[in-house]
Amino acid sequence: MYLWEAGREGGVAAVAEISEPPRLLPEPSAQLPFARVAAAFAGDRARARLRILTVIEPVIPRRSIVSNPDLQELGVLRFPRGTNYRLSLDQWQALNSLVQDRVAD
């Protein structure tokens with residue numbers, strides 16, 4: 001899975017995998033400083049733990065993604081307030097190619 005960094009200078013920031021299936025867990029205290037409204041994340045909720053496989057520095061910026069015809073319809077671009085989006089095979093291949101190019105540099 002690809003992790004997106006929100007914001008004007010955001011973009012694809014990392015590649016991760018689910019390391020534990022979802023289960024009821026509290027929000028990890030280390031993540032609370034990043035929540036704009038901490039109460040929105042309070043209490044036990046179904047949460048999955050992730051393992052970061054690759055950190056992409058600098059992030060692959062939104063402008064690079066939008067300029068790729070295969071990626072212009074990504075859910076994260078069309079519905080930016082959402083959280084999880086499925087990719088088509090074409091989108092996955094195009095995004096994977098961008099990631100591999102960036103990681104290889």
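Guide: The conversation below goes from the overall fold to the sheet, the core, the pocket and some single residues.

Visitor: What should I know about the model before we start?

Guide: This is a predicted model, in which local features need pLDDT of at least 70 and side-chain atom pairs count only at pLDDT 80 or more, while totals for chains, interfaces and linings use all residues. Residues are numbered from 1 along each chain as its sequence is written, and side-chain values use heavy atoms, with hydrogens and water left out.

Visitor: How many helices and strands does the protein have?

Guide: The secondary structure comes to three helices and three strands. Helices (H or I, at least four residues) and strands (E, at least two) are DSSP runs, numbered from the N terminus. Along the sequence the pattern reads β-β-β-α-α-α.

Visitor: And what box do the C-alpha atoms fill?

Guide: Taken along the principal axes, the box is roughly 40 × 25 × 25 Å. Of the 105 residues, 26% count as buried; buried means under 20% relative accessible area, exposed over 50%, and partly exposed in between, with a 1.4 Å probe and protein chains only.

Visitor: In what order do the strands sit in the sheet?

Guide: The three strands form an open sheet in the order β1-β2-β3, with antiparallel pairing. β1 and β3 are the edge strands, each pairing on one side only. Two strands pair if DSSP finds at least two bridges between them. On average, neighbouring strands are turned by 40 degrees against each other, direction ignored. Axes here are lines fitted to C-alpha atoms, for helices over the stretch in contact, and angles run from 0 to 180 degrees between N-to-C directions.

Visitor: How many bridges join each pair?

Guide: Strand β1 (residues 2-5) is joined to β2 by four bridges, and β2 pairs with β3 over 11 bridges. Y2 stands opposite V15 in β2. On the β3 side, A14 stands opposite V55 and A16 stands opposite I52.

Visitor: Which residue in the hairpin of β1 and β2 takes a positive phi?

Guide: That residue is G7, with phi near 110 degrees; the hairpin has five residues between the strands.

Visitor: Where is the cis peptide bond?

Guide: The bond from E57 to P58 is cis, with omega near -10 degrees. P58 has its place in strand β3.

Visitor: How does α3 lie relative to the sheet?

Guide: α3 lies across β1, β2 and β3, and runs at about 60 degrees to β3.

Visitor: Now the core. Which residues touch the most other members?

Guide: In the largest nonpolar core, which has 13 residues, they are V12, I65 and V99. Such a core is a set of buried Ala, Val, Leu, Ile, Met, Phe, Trp, Tyr and Cys residues joined through side-chain atoms within 4.5 Å. Two or more residues each come from β2 (11-25), β3 (45-61), α2 (75-78) and α3 (89-104). The largest share, three residues, is that of α3.

Visitor: What is I65 in contact with?

Guide: Leaving aside neighbours within four places in sequence, I65 is in contact with W4, V12, I60, L71, Q72, L74, L77 and L98. Contact means heavy atoms within 4.5 Å.

Visitor: Finally, what volume does the largest pocket have?

Guide: The volume is about 2300 Å³, meaning the space filled by probe spheres set on grid points joined across faces, edges and corners. On a 1 Å grid over the protein atoms alone, a pocket is an open set of points where a 1.4 Å probe fits, with protein on both sides within 12 Å along at least five of seven lines; lining residues have an atom within 4 Å of a point. Of the 43 lining residues, L3, W4, G82, T83 and N84 are the closest to the centre of the pocket.
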